[in-house]
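Keep the structure open while you read.

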Amino acid sequence: MESKWRKIWGLIGLLLLNFVNNVSSLSLTITKVDCVYEIVRSEGDIVSGNFVVVDHHIFWSSDHPGIDFSITSPGGGILHNLKGTSGDKFSFKAPRSGLYQFCFHNPLSTPETIAFYIHIGHIPNEHNLAKNEHLDPINVKIAELREALEAVTTEQKYLKARDAVHRRTNESTKTRVIGYTVGEYILLTIASVLQVVYIRRLFSKSVGYNRI
Amino acid sequence: MIKDSNVPMAMTFPPFLVVLLLALSTGPLCDAIWLNIPKTGTKCVSEEIHSNVVVLSDYVVVSVEDGQTATIAVKVTSPYGNNLHHRENVTYGRFAFTTEEAGNYLACFWSDNRTRGSGEVVVNIDWKTGIAAKDWESVARKEKLQGVELELRKLEGAVEAIHENLLYLKSREAERRSTSETTNARVAWFSIMSLGICIVVSGLQVWYLKRFFQKKKLI
């Protein structure tokens, strides 16, 4: 009976290792407040992630207040609070298991698109297993390796999102340069033609004889 | 999932174990994000994916009102507008596809009108792309890997994905650099041209007005 329980716990331990991959890399359009929830299954897990505001249009006013971001633990306490950002990374150790809330708050009325990525990393340690079960050190090392790789992946997703934002800025600059320059030429020509027409009218005989 | 008929009925599983087993048996659903679907209007999530990437996603309605689970409708569209997955009045589902074109893939959820109650519907979405969507079970069976070998193979897959991502970022950076340099050159050229046009137009003005006044015998 003991060995059967040991086998069951061993299997569960191995299965727990398999479910540490967590990938949710998504973009969300928020109007006022939007929240994303994640379940952290054991305390001590490292929650890391990042978010980037993709739709940051700075057209006529450059004092866009940015997006407020907050993380709430299942007990109701606020773990992280960022005001007026256009993107940031975060990482914390979960004090307890449960449902964590990641909220984005948009102070303005225009909808903003936010690309976010949240990763919950779990490294099995002695506390998770029963007294009779011992931990194979290679599994711990593999889990640590996996977490290191996931950290690189998280960073890459952040860079990808920022690259998308910069690309948009670049392309909009390119079209704006052409648009504004051609508009400038046309306006210049129209202004000078109007000047000539006006001066002609001033000196025209039908308007008034020697009015000037 | 773990069946052992020799365990006597008198030995009951501790409740934590039951919950854990249930969670594990529903597979990847437990490591997903939860979203609030408002009563009116749609909530859309999107991701920019390049072509030839496997996308696998499961969704389950989590909120229960008045003893029954609320239902939602789902629609997944490709960047060109093709409808990839469309279901109405469901509580759970799964969709999987391989992306053909690169672009923004959109998955929209809205709650059906039939749900009673004033609350919002909470949906559990598990969205996996690329290496995370790989079916390791079939790989393990095909190549007869298990335990540490399988884990190392997964790590190898993750490293390859990182490498690909890095190459992609590099190519995007090169594109952006060329766009920036083009814009830089264009700004310089257009400013000089603008100065040139200014001078030409004012020269034309002066010449025209001089001719006009000479015709009018004022000069």
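**Domains, helices and salt bridges**

Across the interface of domain 1 and domain 2 of chain A, the rule finds one salt bridge. The model is a predicted one.

**Chain A: the salt bridge**
- A:Lys89 pairs with A:Glu155, and their closest N and O atoms are 3.1 Å apart.

**Chain A: the domain interface**
- Chain A is divided into domain 1 (25-125) and domain 2 (135-204).
- The C-alpha centres of these two domains of chain A lie 24 Å apart.
- In the contact, 23 residues of domain 1 of chain A meet 17 residues of domain 2 of chain A.
- Together the two domains of chain A bury about 1,500 Å² between them. Carbon and sulfur atoms carry 65% of that area.
- A:Val52, A:Tyr117 and A:Ile123 supply 29% of the area that domain 1 of chain A buries against domain 2 of chain A.

**Chain B: the domain interface**
- Chain B is divided into domain 1 (33-148) and domain 2 (149-218).
- Taken over C-alpha atoms, the centres of the two domains of chain B are separated by 40 Å.
- Nine residues of domain 1 of chain B are in contact with 10 residues of domain 2 of chain B.
- The two domains of chain B bury about 970 Å² between them, with 65% of it on carbon and sulfur atoms.
- B:Trp136, B:Leu145 and B:Val148 supply 52% of the area that domain 1 of chain B buries against domain 2 of chain B. That is more than any other three residues.

**Chain B: the salt bridge**
- The count between domain 1 and domain 2 of chain B is one salt bridge.
- B:Arg153 forms a salt bridge with B:Glu143, and the closest N and O atoms are 3.0 Å apart.

**Between the chains: a helix pair**
- The axes of helix 2 (residues 137-202) of chain A and helix 3 (residues 148-215) of chain B come within 9 Å. They cross at roughly 10°.
- Because of that crossing angle, helix 2 of chain A counts as roughly parallel to helix 3 of chain B. The cut-off for this label is an angle under 35 degrees.
- The residues of this helix contact divide into 32 nonpolar, 14 polar and 14 charged.

**Whole model**
- Over all chains, the count comes to 13 salt bridges.

Definitions and conventions:
Residues numbered from 1 in each chain as written. Chains lettered and ligands numbered in written order. Predicted model: local features only at pLDDT ≥ 70, side-chain atom pairs only at ≥ 80, totals over all residues. Heavy atoms only, no water. Axes fitted to C-alpha atoms, helices over the stretch in contact; angles between N-to-C directions. Helix = DSSP H or I, 4+ residues; strand = E, 2+ residues; numbered from the N terminus. Parallel < 35°, antiparallel > 145°, perpendicular 65-115°, else oblique. Nonpolar A, V, L, I, M, F, W, Y, C, P; charged D, E, K, R; others polar. Domains from an automatic or database assignment. Contact = heavy atoms within 4.5 Å. Buried area = accessible area lost by both parts, 1.4 Å probe. Salt bridge = Lys/Arg side-chain N within 4 Å of Asp/Glu carboxyl O.
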